[in-house]
Amino acid sequence: MEDLGAKVSYLALAVGTRVYDVDSAPVGVVEHVIADEQADILHGVIVAPPKPYRSHRFAHREQIADLYERGVVLSVPGAELHEPREDTPAREVEAAGDDPVQVGLRRAWEWLSRPR
């Protein structure tokens with residue numbers, strides 16, 4: 001893995017920053033940071049995989065070990081990242097309540113599916 005630079009806040013994390021899993025394997029790049037800046041809470045990041053592989057993935061804050069100027073290091077293997085899905089049954093969303101992973105996944109899906 002290359003020199004990742006100094007540690008940074010999620011507020012300074014740039015789109016296009018490389019994402020590495022716990023074993024230093026490249027997973028993709030930061031597509032978007034999901035956060036509630038008013039409450040100063042990082043929910044996670046949407047990771048765009050290298051083309052032509054798979055779809056976007058969501059790394060929940062608990063799956064992120066460190067944020068650096070030139071890299072995000074996960075605390076899990078890349079295969080453990082969730083895929084934001086449109087078809088999550090309403091009962092699962094209601095049952096999840098305030099589960100932080102589900103909240104982050106919902107926000108990730110909302111960002112991915114909004115018109116551009």
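Glu-69 is partly exposed, at 43% relative accessibility; the class covers values between buried (under 20% relative accessible area) and exposed (over 50%), computed with a 1.4 Å probe on protein chains only. The model is predicted, so local features need pLDDT of at least 70 and side-chain atom pairs count only at pLDDT 80 or more, while totals for chains, interfaces and linings use all residues. Residues are numbered from 1 along each chain as its sequence is written, and side-chain values use heavy atoms, with hydrogens and water left out.

**Salt bridges**

The whole structure holds 3 salt bridges, a salt bridge being a side-chain nitrogen of Lys or Arg within 4 Å of a carboxyl oxygen of Asp or Glu.

| Pair | Closest N to O distance |
|---|---|
| Arg-70 and Asp-3 | 3.3 Å |

Asp-3, Glu-69 and Arg-70 are linked in a network. Arg-70 forms its salt bridge with Asp-3 at 3.3 Å. Arg-70 sits in the loop between E5 and E6 and Asp-3 in the segment before E1, so this pair ties together parts 67 residues apart in sequence. Arg-70 is partly exposed, with a relative accessible area of 38%, whereas Asp-3 is exposed at 57%.

Lys-7 belongs to the segment before E1 and Asp-66 to strand E5, so the pair connects parts that are 59 residues apart in sequence. Lys-7 is exposed, with a relative accessible area of 56%; Asp-66 is partly exposed, with 24%.

**Sheet**

Strands here are DSSP runs (E, at least two residues) numbered from the N terminus, and two of them pair if DSSP finds at least two bridges between them. An open sheet of 6 strands has the order E4-E3-E2-E1-E6-E5, with mixed pairing. Its edge strands, E4 (57-60) and E5 (64-68), each pair on one side only. Neighbouring strands are turned by 35° against each other on average, direction ignored; the axes behind this angle are lines fitted to C-alpha atoms, and angles run from 0 to 180 degrees between N-to-C directions.

Strand E1 (residues 18-20) runs antiparallel to E2 (residues 26-36) and is joined to E2 by 3 bridges. Tyr-20 has Pro-26 in E2 as its bridge partner. The hairpin of E1 and E2 has 5 residues between the strands, and Ser-24 in the turn has a positive phi of about 70°.

E2 also pairs with E3 (residues 41-48), antiparallel, over 7 bridges. Here Ala-35 stands opposite Leu-42 in E3. In this second hairpin, with 4 residues between the strands, Asp-40 has a positive phi near 55°. E3 in turn pairs with E4 in the antiparallel sense over 4 bridges, and Ile-46 has Phe-58 in E4 as its bridge partner.

**Core and a buried arginine**

The largest nonpolar core contains 16 residues, and Ile-64, Val-72 and Leu-74 have the most contacts inside it. Such a core is a set of buried Ala, Val, Leu, Ile, Met, Phe, Trp, Tyr and Cys residues joined through side-chain atoms within 4.5 Å. E2, E3, E5 and E6 (71-74) each supply at least two residues of this core. Not counting residues up to four places away in sequence, Ile-64 touches residues including Leu-42, Val-45, Ala-59 and Val-72, where contact means heavy atoms within 4.5 Å.

Arg-57, in strand E4, is buried, with a relative accessible area of 11%. A polar contact of 3.3 Å joins its side chain to that of Ser-55; the term means a pair of N or O atoms within 3.5 Å, where within protein one must be able to donate a hydrogen and the other to accept it, and residues adjacent in sequence count only if both atoms are side-chain atoms.
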